[in-house]
Structure formats: C-alpha cells, structure tokens
Amino acid sequence: MSKRPKPEVVKPPAGSRRPRREPQTTNRPYAKDRCPASGKRRFRDHREAVAALHRIANHRKTAREHNQESRRRELRCYRCKECRGWHLTSKPPAPKRQKKKTDRGRRSEDRSTAAPDRETAKGETAESGAAG
C-alpha cells in the first residue's frame, strides 16, 4: 500500500487576514429593509412572513429541548398599511367578532310574527281609508 502524500499547508503571512466572504443573501428569505413607521422587519408577502414564524417556532422548540429560553415571542403576522409589507407581532390574535343575527335565516312563518309585512300594512291602511 502506498500512502498518499499530504497536501502542503500554505499559511498566510503573519499579520494578514483572510478576506471576508460576502454574506449570502439567498439563504435569508426575509428582506433586510425595515418599515419606516414601526422599524420592524418588513416581509415582502404573506408567505415569507409565515415562513419566518415557522422558523421562530422551530427555534423556540429547539431552545426548550436544550433547557434554554428563547427570546423570540412572535405569534402571528399582519399587513402593514404604512409600508404595504408584512410584519410579525407577539400580540395574540384579536377575538373574533360575532355576527349580528338577521332575519335572513328565519322561515317565512317566523318573519310574520317578528315584523308586519309591508304589503299587509298597506292593504290595511287602504281598507281603513276606504271604510272611513
């Protein structure tokens, strides 16, 4: 068996630094710009904001598994009226409003007891006007 020769290790001269690599922006799906109104990170669309929420939830889970605490508290995303982008917030969703009940779901018999029909009201006034 023949041994492979070891590659020569070239050390940089003393006092010199290795040039820095440019940051990879392709691995970071969030936009680096910020909202002028709130200063929060701005996401281009809803999909990016939700992807960021999933990463944050994953981070919290991993931190819990290692008995550490995560400072990330974002729970949901919302559309910003100022920058027309999407932001993350730690506020819980607002409670859903209950719709007002209308007569639309009632049957025709139920409607007659709830309010008089316009045609019968007109007919009664015509009869009472003719009789009186």
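Guide: Happy to! Helices (H or I, at least four residues) and strands (E, at least two) are DSSP runs, numbered from the N terminus. This is a predicted model, where local features need pLDDT of at least 70, side-chain atom pairs count only at pLDDT 80 or more, and totals for chains, interfaces and linings use all residues. Residues are numbered from 1 along each chain as its sequence is written, and side-chain values use heavy atoms, with hydrogens and water left out.

Visitor: Okay, how many helices and strands does the protein have?

Guide: There are three helices and two strands, and their order along the sequence is α-β-β-α-α.

Visitor: How do β1 and β2 pair?

Guide: Strand β1 (residues 76–79) runs antiparallel to β2, with four bridges between them (DSSP must find at least two for a pair). C77 has L88 in β2 as its bridge partner. Six residues separate the strands in this hairpin, and R84 has a positive phi near 60 degrees.

Visitor: Are the faces of β2 buried or exposed?

Guide: Buried, meaning under 20% relative accessible area with a 1.4 Å probe, protein chains only. In β2 (residues 86–89), W86 and L88 are buried on one side, H87 and T89 on the other.

Visitor: New topic: which residues form the largest nonpolar core?

Guide: Its eight residues are F43, A49, A52, L53, I56, C77, W86 and L88. Such a core is a set of buried Ala, Val, Leu, Ile, Met, Phe, Trp, Tyr and Cys residues joined through side-chain atoms within 4.5 Å. Helix α1 (46–65) gives the largest share, four residues.

Visitor: And what share of the whole protein is buried?

Guide: Buried residues are 14% of the 132.

Notes:
Buried < 20%, exposed > 50% of the residue type's maximum accessible area, 1.4 Å probe, protein only.
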